[in-house]
Amino acid sequence: MKTYRVRFVKPESAKDVTSITASSQEEAANAFMATNYARGYVVPSAARGTSETLYAAIVEVSGNDSPPQQFVARYFYAGIGRSGGVRPPKTCSSMPDLCKRLGVDDDFFDDGWMLEEKRS
């Protein structure tokens with residue numbers, strides 16, 4: 001296990017770099033997103049036509065012997081939600097809106113992901 005430094009690239013965050021211990025840069029990006037997902041962009045479940053809300057961000061991971069590498073990290077949340085209130089500015093109206101904010105192609109989220117857990 002190595003210690004990696006991870007930070008948000010998009011959306012930009014004022015929070016400093018976080019240290020994550022993991023076996024790879026990919027796992028460090030996933031662990032970072034799992035604990036910091038609320039600071040990423042959000043696509044509400046209704047905008048996706050599913051029961052899960054999607055959080056996504058571009059994160060940068062670096063280590064002592066690893067050059068900085070950027071990853072698109074995503075986190076799905078399904079639970080009891082509430083409606084109403086004011087949506088934060090990081091809320092995306094659709095998947096194409098999210099892709100535009102991240103600077104990726106509209107079909108970027110269509111393919112499978114490294115370390116993705118599959119439901120059976």
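Modeller: We will go from the overall fold to single residues. Keep in mind that this is a predicted model.

Biologist: Start with the fold. How many helices and strands does the protein have?

Modeller: Count the elements, then read their order. The protein has three helices and five strands. Along the sequence they follow the pattern β-β-α-β-α-β-β-α.

Biologist: What share of the residues is buried?

Modeller: Of the 120 residues, 38% count as buried. The exposed surface comes to about 7,700 Å². Carbon and sulfur atoms supply 48% of that surface.

Biologist: Now a helix. How do I read H1?

Modeller: Begin with its span. H1 has twelve residues and reaches 16 Å from its first C-alpha to its last. That is close to the 16 Å expected at 1.5 Å a residue.

Biologist: Which residues of H1 are buried?

Modeller: They are Gln25, Ala28, Ala29, Phe32, Met33 and Asn36. Seen down the helix axis, these buried residues fall within an arc of 130°, so they line one face of H1.

Biologist: Why do residues with gaps between them point the same way?

Modeller: An α-helix has 3.6 residues a turn, so residues three or four places apart point the same way.

Biologist: What do the buried residues of H1 pack against?

Modeller: They pack against four strands: E1, E2, E4 and E5.

Biologist: Let us turn to strands. How do E4 and E5 run, parallel or antiparallel?

Modeller: Look at direction and at bridges. E4 and E5 run antiparallel, and ten bridges join them. A hairpin of two residues connects E4 to E5.

Biologist: Next, aromatic rings. How many aromatic pairs does the structure hold?

Modeller: The structure holds five aromatic pairs. To read a pair, check the distance between ring centres and the angle between planes. For Tyr37 and Tyr77, the centres are 6.3 Å apart and the planes meet at 15°, so the pair is stacked. The pair links distant parts of the chain, 40 residues apart. Tyr37 sits in the loop between H1 and E3, and Tyr77 sits in strand E5.

Biologist: How accessible are these two tyrosines?

Modeller: Both are partly exposed. Tyr37 has a relative accessibility of 22%, and Tyr77 has 35%. Ring pairs also link Tyr37, Tyr55, Tyr75 and Tyr77 into a cluster.

Biologist: What about glycine? Where is Gly40 found?

Modeller: Gly40 is found in the loop between helix H1 and strand E3. Gly40 is buried, with a relative accessible area of 2%. Its C-alpha is 5.1 Å from that of Ala57, 17 residues apart along the chain. Beyond its neighbours within four places in sequence, Gly40 contacts Phe8, Pro11, Ala56, Ala57 and Lys90.

Biologist: Pro11 is on that list. How do I read the peptide bond before it?

Modeller: Check omega. Most peptide bonds are trans. Here a cis peptide bond joins Lys10 and Pro11, with omega about -5°. Pro11 lies in the loop between E1 and E2.

Biologist: One more proline, please. Is Pro96 in a helix or a strand?

Modeller: Pro96 is found in helix H3. Pro96 is partly exposed, at 43% relative accessible area. Finish by comparing sequence with space: Pro96 and Asp107 are eleven residues apart in sequence and 8.2 Å apart, C-alpha to C-alpha.

Note on methods:
Residues are numbered from 1 along each chain as its sequence is written. This is a predicted model: local features need pLDDT of at least 70, side-chain atom pairs count only at pLDDT 80 or more; totals for chains, interfaces and linings use all residues. Side-chain values use heavy atoms; hydrogens and water are left out. Buried means under 20% relative accessible area, exposed over 50%, partly exposed in between (1.4 Å probe, protein chains only). Contact means heavy atoms within 4.5 Å. Rings of Phe, Tyr and Trp (its six-membered ring) pair if their centres lie within 6.5 Å; planes under 30 degrees apart count as stacked, over 60 as edge-to-face and the rest as tilted. Accessible areas come from the Shrake-Rupley method with a 1.4 Å probe; for residues, only the protein chains shown count as cover. The expected span of a helix is 1.5 Å times one less than its number of residues. The arc is that of the directions from the helix axis to the C-beta atoms. Two strands pair if DSSP finds at least two bridges between them.
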